Structures are given as structure tokens and as C-alpha cells.
Amino acid sequence: MYCILVAGIPASGKSTMAEFLAERLGIPALSKDKIKELMYDSIGFQSREEKVRLGIASMNIMYYMAEQMMKCGQPFIPLESFVSGITRRGMDRFAVEGPRIVLDTTDFEKVDMDGLLQDIKRLL
């Protein structure tokens, strides 16, 4: 089992990179923002406070899903808005039975996606 953590500032290419890797590696990508969008489409929100609560709930759902995948030995790709969030939430320390790869999309324009994919495949 392995995990590829994709992090970066907002609008830095996290979803693009995660979806690229997920599709080519055949593993799921977990996105807090996608979960939040789906909840908004179903539930909506009327205030900033409700929007923040949807964000917190979507993060909790993402971490629950990650925990379940880890229990089953299923590789996955979680997205995190900031590298500091990975450290703050302990995602840089959780134990997987295989590689734990952290990718920062801050300089996304400089990333060779196909080269990155080949590097990851070599690690696995």
C-alpha cells in the first residue's frame, strides 16, 4: 500500500495533478474541495459560518475515507491545500506499508507530469 499526498496553494494544480496520477495509476483521489462542492450542491449554505462548517465536514469526510482505505491496504491520493496542513494534521507521519510520497504543486508550471509519473512508478 502506498499514499501520494498532493499539496499546494489554492489554484496551484493540485486537482489536475491528482486526477492525472489517479487515472494513470488506477487509484482514487480524495479531494476536500470536491466533497465540499457536492455537499453544497445538495445542502447549500446561507452564511460564511455555514460555509466554514461545510469545509470542516468535508475535511473530516476525506480523512475518514483515507483512514478506511488505509485499513484495507488501498492506495489513494489525498489533496491538501497547504504543505503545512499535511504536517499540522499529522499526514506526514501516518504509517503506510509502502512509499508515502508528498508532492507540492506550488511550482506546477515546472512539473513534467509524465516524468513525475515515471518516477513514481519506479518507487512503487
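A residue is termed buried below 20% relative accessible area (under 20%), exposed over 50% and partly exposed in between, with a 1.4 Å probe and protein chains only. Helices (H or I, at least four residues) and strands (E, at least two) are DSSP runs numbered from the N terminus. The model is predicted, with local features requiring pLDDT of at least 70 and side-chain atom pairs counted only at pLDDT 80 or more, whereas totals for chains, interfaces and linings use all residues. Residues are numbered from 1 along each chain as its sequence is written, and side-chain values use heavy atoms, with hydrogens and water left out.

In strand β4 (residues 100–104) the side chains alternate. Strand β4 pairs with strand β1 (residues 3–7), pairing being assigned if DSSP finds at least two bridges between two strands; here five bridges join the two, which run parallel. Ile101 of β4 is the bridge partner of Ile4, and Val102 of β4 stands opposite Leu5.

Strand β1 is mostly covered, with five of its five residues buried. From this strand Cys3, Leu5 and Ala7 point one way, and Ile4 and Val6 the other. Strand β1 is also joined, by two bridges and in parallel, to strand β3 (residues 77–80). In that pairing, Leu79 of β3 lies opposite Val6.

Two packed helices are described by the angle between their axes and the distance between the axes. For helix α2 (residues 32–43) and helix α3 (residues 48–72), the axes come within 8 Å and cross at roughly 125°. Axes are lines fitted to C-alpha atoms, for helices over the stretch in contact, with angles from 0 to 180 degrees between N-to-C directions. The two helices α2 and α3 are therefore oblique to each other, given that angles under 35 degrees count as roughly parallel, over 145 as roughly antiparallel, 65 to 115 as roughly perpendicular and the rest as oblique. The contact (heavy atoms within 4.5 Å) involves Lys32, Ile35, Lys36, Met39 and Tyr40 of α2, and, among others, Leu54, Ile61 and Met65 of α3.

Met113 is placed in helix α5 (residues 113–123). Met113 counts as buried because its relative accessibility is 15%. Not counting residues up to four places away in sequence, Met113 touches Thr16, Met17, Phe20 and Phe108. The C-alpha atoms of Met113 and Thr16 are separated by 10.0 Å, the two residues being 97 apart along the chain.
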